[in-house]
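Subject: Structure handover

Hello,

Here is the structure we talked about. Please open it first, then read my notes below.

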Amino acid sequence: MTEQSSSEQKDPRAVKPEPLLHVTHLRAYLSSRHGVVKAVDDVSFEVGHGEAMGLVGESGSGKSVMSRAIMGLMPRRSDRTGSVLFKGRELIGLPRKEMSEIWGPQISMVFQDPGRSLNPVVPVERQLTEGMRRHLGLGRSEARGRALQLLREVGVSDPERRLRNYPHEMSGGMCQRVMIAAALACEPDLLIADEPTTALDVTIQRQILDLLRRVQRERNMSMILISHNLPLVAGRTDRTAVMYAGRLAETGSTRQVFESPRHRYTAALLAATPTITHERHSPFRLIPGTLPNPVKPPAGCRFAARCDHFHGPCHELGPDMTPVAAGHHVACADPVPAPAAVGARGGEHDGR
Amino acid sequence: MAGSGTAHLRGEDALLSVRNLVVEYHTDAGTVQAVSDVSFDVLPGETLGIVGESGCGKSSMGRAVLRLGGMTSGEISCAGERIDRADEKTMRALRRDMQMIFQNALGSLNPRRHVKEIVAEGLAIDGVPKAERDRRATDMLEEVGLTPERFSDMLPRQLSGGQAQRVAIARALALRPKLLVCDEPVSALDVSVQAQILNLMEKLKPEFDLTVVFIAHDLAVVRSVSDRVLVMYLGKVCEFGDSVEVYDNPVHPYTRALLESVPLPDPDRPFTGSPLEGDVPSPLAPPTGCRFSGRCPAAQERCARSEPEIREVLPGRFAACHYPLAAAADLPDPDARAAAADRREPQGREHEPTGRRPEGA
């Protein structure tokens, strides 16, 4: 995923292979009682083939709305502009009927609460086979065979028995595995996982994260892993994008973002995140203030009012990102100084 | 892993003592023992962190301490008073010394009262005169960082999650309690707000001379606030000890697995060990022997048969495990030394648990 600022690069596809997903100037505005909420406000980025991108931000950053804007799952009273090119095809403005051919075999999604996103009155078998029969035209027994195979792939023991289960008969971790199996059933090119482990216990979270990363690699699928928890994304993605108040603050290789965050917000957020090595009773670094009003966001950098390095130019900063290193971009008028060189690619290493 | 056993108790000096606590819930599917024979102590001025995954009984225990939920058997005393035996009238007086804050702060505030009334409510029940109540409520709002002029007359729905938790803290501390029980106080909050609340609690603790029981599933948060930590699994105690020592060198295999499941903000080493397999078993039918034995990478035949009793594995460190993760030479207890030596001969098991010992153990 690499974002372009429209002004500096005329046609990036002339020099680079076409990305799987190419989002430019995406805006997603929602109507509310208080006015139009600018949940996503001019965001541009790319996700390459076989790439895992982490999308992190606190609540109100717009990360979930963005995933829904890409999927075309926006609420009724909303407005979506800009461009979402998926395999070169424009998804914005696509009729719902054509969009429904994309959901499943092209892009699929895993949600936070597996208990609620699975149909409570339909057994696991039908939830898994429905999409395959519809999109891949498989017969009943063929689809069943693939469902069993999928359940094995996501680490479900005794899959024969599970096929007959209803969601309420399974634990949260098991539901999430089934949900992932269902999302993988039609072999999507892009999987969007929106807080897939937030409702799960820490040992189960670990299993699910390992699972997502493994299938993403084995299938050479692209993935967007959305989370409010920064460390969770660190070991499971190639690139990371940090979102704040409807805009991207920073994008880069996961290593760059975690080892040398350059946007003041990313650095502050990392410093405020508790880790299991945090020194006992030592205070956390605070981010003063609160999120700006999403109906009337301030001009310039949206983090300016809370930033300890804010000065004049911050108020004139546009939504465009500037490169600070190869593949590393920030929207910050006074970025954190660069430490020693950090690798431009790669997130984790495999040998654990 | 058993909660049974009293080796880790510190007795007389404790402000809060819990002995052999059992909490059971009766459901259509049978009786669930949420807390199964757990004992622990909290010394005055100490913060005890209680960690564990869902279903381990940590919240049931917190509620039982304040008698907000039922308890089936056991003894609980705070500052010498037997809470489990107190009648409602005595309990009302005792609750002045024992306050609680909850995960869903907004849900714990009366939606129809103004912030100032909420903070002063405990004082009113306690019979403090109106003028004094107002003054103390105003002071408390200042203490928790809410400008009284702005917040006094607000209703809970006008507050953000972080502000609501501040009001809940002000309400709890207005009575100057000795003991504060916090049940997942920051888990519903964003990282930046969470840091504010944790810093606030650390600041208020010495000012109010508080003893704290801090219940949370987030191990990183618990480490930052706790002096001692109690690790629970399926209603039983696994490990107890100084929080830094437990985190740096866990001796119970479950504690270790739990710590290794917490992602680190490090792209190279997101996790330090291999993942734990399987799911938490149903509390309706807990496994025999050690309740963790089915998932334990170091389990031996004995673990499924006999329930380990809690014992001192390292100085000041207590674990309920037949085969604790510590070098035999460090073990003061001859039984534990023998057990560690046993483990070197795997007795035909495919797991070789000695290979999983932490470095420097």
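Start with the rings in chain A. Ring pairs link Tyr244(A), Tyr265(A) and Phe303(A) into a cluster. Keep in mind that this is a predicted model.

Tyr244(A) and Tyr265(A) form a tilted aromatic pair. Their centres are 4.5 Å apart, with 55° between the planes. Tyr244(A) belongs to strand E9 (residues 239-244) of chain A, and Tyr265(A) to helix H11 (residues 264-272) of chain A, so this pair ties together parts 21 residues apart in sequence. Are these two residues buried or exposed? Both Tyr244(A) and Tyr265(A) are buried.

Now the other pair. The ring centres of Tyr265(A) and Phe303(A) are 5.0 Å apart. Their planes stand at 65°, and angles over 60 degrees count as edge-to-face, so this pair is edge-to-face. Phe303(A) sits in the loop between H11 and strand E11 (322-325) of chain A, while Tyr265(A) is in H11, so the pair ties together parts that are 38 residues apart in sequence. Phe303(A) is buried, as is Tyr265(A). Over all chains, the structure holds seven aromatic pairs.

Next, turn to chain B and its sheet. In what order do the eight strands run? The order is E6-E7-E8-E3-E9-E10-E12-E11 (chain B). The sheet is open, and its pairing is mixed. Strands of a sheet pair through backbone hydrogen bonds, either parallel or antiparallel. Strand E6 (98-101) and strand E11 (311-314) of chain B are at the edges. Each has a single partner strand, so one side of each has no neighbour in the sheet. From one strand to the next, the twist averages 20°.

Look at one pairing in detail. Strand E3 (residues 47-51) and strand E9 (residues 228-233) of chain B pair in the parallel sense, over four bridges. Leu48(B) stands opposite Arg228(B) in E9(B).

Helices pack on this sheet too. Helix H7 (residues 191-207) of chain B touches E3, E6, strand E7 (179-183) and strand E8 (211-216) of chain B. The direction of H7 makes about 160° with that of E8(B). Helix H10 (residues 253-260) of chain B touches E9 and strand E10 (236-242) of chain B. The direction of H10 makes about 100° with that of E9(B).

One last stop in chain B. Arg302(B) lies over the face of Tyr323(B), 5.8 Å from the ring centre.

Best wishes

Technical notes. Residues numbered from 1 in each chain as written. Chains lettered and ligands numbered in written order. Predicted model: local features only at pLDDT ≥ 70, side-chain atom pairs only at ≥ 80, totals over all residues. Heavy atoms only, no water. Pairing = 2+ DSSP bridges. Helix = DSSP H or I, 4+ residues; strand = E, 2+ residues; numbered from the N terminus. Axes fitted to C-alpha atoms, helices over the stretch in contact; angles between N-to-C directions. Contact = heavy atoms within 4.5 Å. Phe/Tyr/Trp six-rings, centres within 6.5 Å; stacked < 30°, edge-to-face > 60°. Buried < 20%, exposed > 50% of the residue type's maximum accessible area, 1.4 Å probe, protein only. Lys NZ or Arg CZ within 6 Å of the ring centre and 35° of its normal.
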